[in-house]
Amino acid sequence: MTDRIPAGFHPFVIPFLVGMGFVLLYCLYGFIRIMCQLSHKDRRKFFLSFLNPKILWKDIKDIFLNCLIHVKLWKRNKLLGFMHSSIAFGWFMLIVLGHLEVICFLPGRLRTFYYPIFFNFFVAEDNATIGGQVFFFLMDFFLALVLCGIILAIIKRVHSLIFGMRRTTRLSLLDRVGLYSLWAIFPLRLLAEGFTAHISGGSFLTIPLNWIARAFLGNELNMVPTWWAYSIALCVFMCVLPFTRYMHIPAEMLLIPMRNAGLKIKHARKGYAKVMVYSCPSCGVCIDACPMSVKKANTRDTTVYLNRQIRRGNEKRIEEISDKCLLCGKCSELCQIGIEAPKIRIAQRARRKYGLNQNYSNISVGPLAEKAFGHNVEAKPGKVLYFAGCMTQLTPRISQAMESVLQKAGVEYSYMDKDGGLCCGRPMLMAGRPDQARQIIDKNTGIIRSSGCDTLLLSCPICYKIFKEKYHLEGIRVVHHSEFIKELVDQRRLSVRFGKDVIVYHDPCELGRGSGIYEQPRELLAALGTLVEAEKTGKESICCGGSLGSLTLGFAQREDLTKNALRNLTVNLPSKIATACPLCLASFSRYSDRPVEDIAEIVDQRSTKVD
Amino acid sequence: MAMNFGFKLCPSSALNLDKIDTSLYDKLVEMEPDARICMACGSCSATCTASQFSGMSVRKVLLDIQRGKEKEAAAMLRNCMLCGKCTMVCPRGINTRHLILSLCRIYDNKEEQK
């Protein structure tokens with residue numbers, strides 16, 4: 001290969017250089033800003049993480065698998081995965097191979113920056129290009145791969161359902177400009193390389209194109225304009241990139257090391273959260289995932305639009321979207337990037353200032369503990385403390401069943417909030433008031449510590465999650481009743497009998513996605529009746545609509561969500577709906593056409609004392 | 001000079017409706033029109049987690065701020081834990097949790113700034 005143009009320059013590279021320079025400067029500026037927004041400790045943690053070979057290896061692996069191959073998308077839908085990885089990985093390989101070509105044939109031109117991109121314009125094939133053939137083939141192969149991806153992307157715009165998506169994101173104007181320029185880049189590259197293939201060489205794609213082009217057009221006048229068009233398409237794409245969803249490409253490369261370094265969201269708009277928001281590719285998986293999307297008007301309040309509004313700084317909409325969410329966590333569970341949208345929303349809620357702040361200093365722990373446990377409490381191994389929680393007190397059938405089960409199994413227990421106790425603090429936390437929640441947590445910790453028990457048994461997943469995550473209860477085991485009863489049955493302290501019920505189990509958000517308990521309740525129910533599954537289940541289970549996470553959703557607006565969740569549960573015609581959350585029980589009971597029962601109630605009906 | 005008669009006179013709890021300041025209630029109604037549909041049934045009072053500590057109840061809070069008794073309402077609100085039971089039992093479907101949050105927002109925060 002030799003230089004075709006001695007100067008090694010042509011004016012058509014200028015648009016590309018402008019675009020590239022702009023993107024690099026913008027990313028550098030963004031990186032410095034994000035770093036300044038991080039706290040000193042987080043920044044240290046972030047940079048130190050690169051010195052740890054284990055984390056560094058994980059960074060590289062995650063970036064390769066997630067940004068280039070899109071493994072998570074493959075798992076979701078093969079076609080969707082192929083579309084994304086063919087574009088991302090194909091483009092990446094075109095850039096890498098372009099550089100390799102320059103290194104191999106014209107190493108002196110490497111510092112020109114644009115040579116690897118426009119290599120075929122600047123070189124002429126000579127007789128000694130047998131090594132070049134391999135490159136030509138690979139270049140054409142990856143270009144064909146990218147073009148396949150582009151064709152699929154165009155089809156997806158029209159028929160998203162074959163990619164497993166019922167609804168897709170409505171793109172903003174700039175997103176469209178970015179999208180169309182991205183689509184234009186690769187066909188233009190193919191044309192440009194096709195027009196020059198008789199000079200610079202080519203392979204199975206470019207050479208035939210060159211024959212056709214020369215047979216019909218017969219001159220070389222088209223060469224330079226197509227290279228100009230290719231360069232301009234690149235320029236347009238890169239100039240709009242920072243203001244479109246394509247910002248996710250550089251942002252995700254920063255997000256992955258930050259996540260692996262163990263950073264947490266501290267501010268809804270700064271630092272880590274900001275990188276997360278910019279990493280959103282607006283794919284719209286969260287739109288179908290969101291339980292609120294049953295009503296079309298609510299699709300505008302899904303995570304993808306929250307991210308967009310945060311980028312735009314539209315305060316009114318940000319507040320609206322943040323307050324409306326049920327915090328069921330399904331969007332972040334399905335998110336390909338791992339955007340922790342519920343946490344961003346809570347952080348956003350925490351930014352609000354209140355004229356009146358809750359204060360619980362008037363509540364003293366001593367009398368409450370005395371009321372619950374009496375005087376002279378002895379610490380005893382194996383003693384269980386039962387905390388029903390607010391919602392269970394509203395559905396006393398659960399706590400009654402639970403007490404009956406505990407008595408049957410001969411478990412020694414104390415009842416912490418029989419005559420009313422404090423809230424667990426999670427609703428306060430979800431409303432974005434961590435300081436107030438902390439006060440409640442401290443009070444509760446005091447009561448639990450004075451009970452002398454070493455197991456804390458909970459009936460409500462909302463409580464369970466916060467007791468597990470935010471309380472400092474070293475030495476005390478926190479357990480949800482579905483796990484606990486399962487253990488009682490396994491240890492043969494309680495004998496259960498199989499019945500003729502056909503039961504479907506609803507995964508409560510806070511127990512399933514929130515705490516990762518999917519199997520224990522199912523195993524327990526399988527011993528009590530025939531277990532069938534819902535249409536969407538496990539990680540994809542649909543929120544009952546009663547969640548305390550939403551601040552603004554009113555009673556009437558929740559009706560559709562509950563009915564949709566019920567429809568999902570009853571596809572396999574169960575005779576009974578089982579759940580493990582008092583809030584789900586209350587919401588479902590309101591609209592269900594068949595009995596809804598807590599897992600503890602079903603066990604209570606079908607269990608006997610072991611003699 | 002105070003004389004001990006063995007009993008005390010209570011300050012009058014009579015309200016002069018012409019003189020009370022209901023600006024807080026008016027503001028609340030503007031933000032939460034649902035505040036007006038409360039029929040004071042007391043379901044929220046019966047279920048409230050905080051009622052055993054500060055006598056909290058959405059019904060009473062609404063009544064108090066309608067009568068301009070902001071301080072009494074604030075004392076009750078301070079122990080609310082946002083557990084949401086009042087919202088679940090409200091027969092009128094009022095989103096009481098959001099109502100409480102809105103009320104806390106618009107409270108004059110002179111006291112807090114001290």
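## Reading charges, salt bridges and burial

Chain B carries 16 positive and 12 negative side chains, and the centres of the two sets are 6 Å apart. This is a predicted model, in which local features need pLDDT of at least 70, side-chain atom pairs count only at pLDDT 80 or more, and totals for chains, interfaces and linings use all residues. Residues are numbered from 1 along each chain as its sequence is written, chains are lettered from A and ligands numbered from 1 in the order in which they are written, and side-chain values use heavy atoms, with hydrogens and water left out.

Q: Which side chains count as positive and which as negative?

A: Lys and Arg are positive, Asp and Glu negative, while His and the chain ends are not counted. The place of a charge is NZ of Lys, CZ of Arg, CG of Asp or CD of Glu.

Q: Which parts of chain A does the pair A:Asp3 and A:Arg109 tie together?

A: Their side chains meet in a salt bridge at 2.9 Å, N to O. A:Asp3 lies in strand E1 (residues 2–3) and A:Arg109 in the loop between helix H5 (78–105) and helix H6 (119–122), so the pair ties together parts 106 residues apart in sequence. Helices (H or I, at least four residues) and strands (E, at least two) are DSSP runs, numbered from the N terminus.

Q: Is A:Arg109 buried or exposed?

A: Buried means under 20% relative accessible area, exposed over 50%, and partly exposed in between (1.4 Å probe, protein chains only). A:Arg109 is buried, at 18%, whereas A:Asp3 is partly exposed, at 28%.

Q: What separates A:Glu559 and A:Lys563 in helix H27?

A: These two side chains form a salt bridge of 2.6 Å, N to O. They are four residues apart in helix H27 (residues 555–569) of chain A, which means a separation of about one helical turn. A:Glu559 is partly exposed at 27% relative accessibility, and A:Lys563 is partly exposed at 34%.

Q: How many residues of helix H25 of chain A are buried?

A: Eight of its 10 residues (481–490) are buried, so helix H25 is largely enclosed by the rest of the structure. Among them are A:Phe484, A:Ile485 and A:Leu488. Just after H25, A:Arg492 takes a positive phi of about 60°.

Notes
Salt bridge = Lys/Arg side-chain N within 4 Å of Asp/Glu carboxyl O.
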